[in-house]
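Take a look at the chain below.

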Amino acid sequence: MTDSTLTRRDVLAAIPGLGLAALPASGAFAQEEMPRRRIPGTDESLPVIGLGSSKPVTQIAERGPEPLANVLRTLVDNGGSVVDTWPRNPDNDAAFGEVISRPELRDELFIASKIDRSGREEGARQFRDTLRLYRRDAIDLLQVFSLTDLDTQWKNLQDFREQGTVRYLGVTVATKDLYEPLARFVEKEKPDFVQVNYSISEREAEERMLPLMQDRGIAVIVNRPFMNGDLFAALGDRPVPEWAAEFHCRTWAEFSLKYILPHPAITCVLTETSNPAHMRENARAAFGRLPDAAQRRRMAELIDTV
Ligand SMILES: NC(=O)c1ccc[n+]([C@@H]2O[C@H](COP(=O)([O-])OP(=O)(O)OC[C@H]3O[C@@H](n4cnc5c(N)ncnc54)[C@H](OP(=O)(O)O)[C@@H]3O)[C@@H](O)[C@H]2O)c1
């Protein structure tokens, strides 16, 4: 999806007397669009909150596709578009493909997937299957999962782009032990996107990874914003401090997202959920004030005591 593509939101906004106010509300900020960040070196921008779809896609086997469809509709209705996924098994991937092909979603999503195989032919076969099962001629972003067989798969990705089956290329890491090989890679190659773990309780990416991506003009997608839920378990029923209201923050999910979002390197944060209410809450974190540098320090100090 590009800036020049007319989306359902654009069409609604263009209808006189209807405008963006008619779009589903994101709480007190119903009349605002979700803020977007530019993909460096392009005219395209992405809404800052996306969906990490591992959990709802895996749950299709027991719960069917509707929970995933509900969470994706909530993402889109709140101004989001980025959905990150990766191939699992043909049944799951076909169900994912059916959901993202529904009329209300088909042209609204920025689809990011991955290759997690080793070997040139294995990787190519995995991506051919992905396209077939997702019912697409092309996807927006293809990433090498956790730097797996990186040199080989990077060549595959470049071939796919030449063939027109993918628009942007990326690599992912989700643990700090991969920061060093990631740094070596981006110093010699220039992916469009890097996906990296970053949260208020996992801040190591601030030291070298985020400044490096900013210097190199690489878009950053954040994973593990809630440490896969461990953040909530650690906080228990502790209340969110009253001073968080200064930057329109009411919940611990918003607290972590509002800590992440002001960083200038960040393009989009993936939040994983199978709960539409959580998706709405996560989208809401993009709206309203964000903390300034002093407030961010105070937030980090508080989390360090937990
Ligand atoms: N190497 C890689 O490429 C890699 C590795 C890890 C992750 N990722 C990507 O990053 C995405 C997100 O990271 P993650 O998987 O670590 O998950 P995460 O977003 O850090 O945490 C997900 C957990 O938080 C809960 N949650 C979400 N929103 C909430 C809210 N508002 N209030 C309370 N609980 C909430 C979810 O449960 P509910 O369902 O109950 O909301 C889920 O259990 C993944 O889906 C994937 O796309 C990539």
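## Two packed helices

Are helix 8 and helix 9 roughly parallel or roughly antiparallel to each other? The model is predicted: local features need pLDDT of at least 70, side-chain atom pairs count only at pLDDT 80 or more, and totals for chains, interfaces and linings use all residues. Residues are numbered from 1 along each chain as its sequence is written.

Two packed helices are described by the angle between their axes and the distance between the axes. Helix 8 (residues 179-188) meets helix 9 (residues 209-216) at about 10°, and their axes are 11 Å apart. Axes are lines fitted to C-alpha atoms, for helices over the stretch in contact, and angles run from 0 to 180 degrees between N-to-C directions. Helix 8 and helix 9 are therefore roughly parallel (angles under 35 degrees count as such).

Tyr 179, Leu 182, Ala 183 and Val 186 of helix 8 touch Met 209, Leu 212 and Arg 216 of helix 9. Contact means that C-beta atoms, placed from the backbone, lie within 7 Å. Six of these contact residues are nonpolar, none is polar and one is charged. Ala, Val, Leu, Ile, Met, Phe, Trp, Tyr, Cys and Pro count as nonpolar, Asp, Glu, Lys and Arg as charged, and the others, Gly among them, as polar.

## The whole chain

The chain has 13 helices and ten strands. These are DSSP runs, numbered from the N terminus: helices are H or I, at least four residues, and strands are E, at least two. Of the 306 residues, 41% count as buried (20 or more other C-beta atoms within 10 Å of a residue's own, with C-beta atoms placed from the backbone).

Why does the length of helix 4 (residues 66-77) agree with 16 Å? At 1.5 Å a residue, its twelve residues should span 16 Å, and its end C-alpha atoms are 16 Å apart. The expected span is 1.5 Å times one less than the number of residues. Gly 79 follows helix 4, with a positive phi near 95°.

Helix 11 (residues 252-260) is mostly covered: nine of its nine residues are buried. Its cover includes strand 9 (219-223), helix 10 (230-235) and helix 13 (293-304).

## Around the ligand

The ligand is surrounded by 28 residues, each with its C-beta atom, placed from the backbone, within 6 Å. Gly 52, Ala 174, Asn 223, Ala 253 and Thr 273 are the closest. Helix 2, strand 10 (266-272) and helix 12 each give two or more residues to this shell. The shell holds eight nonpolar, 15 polar and five charged residues.

Technical notes
Parallel < 35°, antiparallel > 145°, perpendicular 65-115°, else oblique. Contact = placed C-beta atoms within 7 Å. Buried ≥ 20, exposed ≤ 12 C-beta atoms within 10 Å, placed from the backbone.
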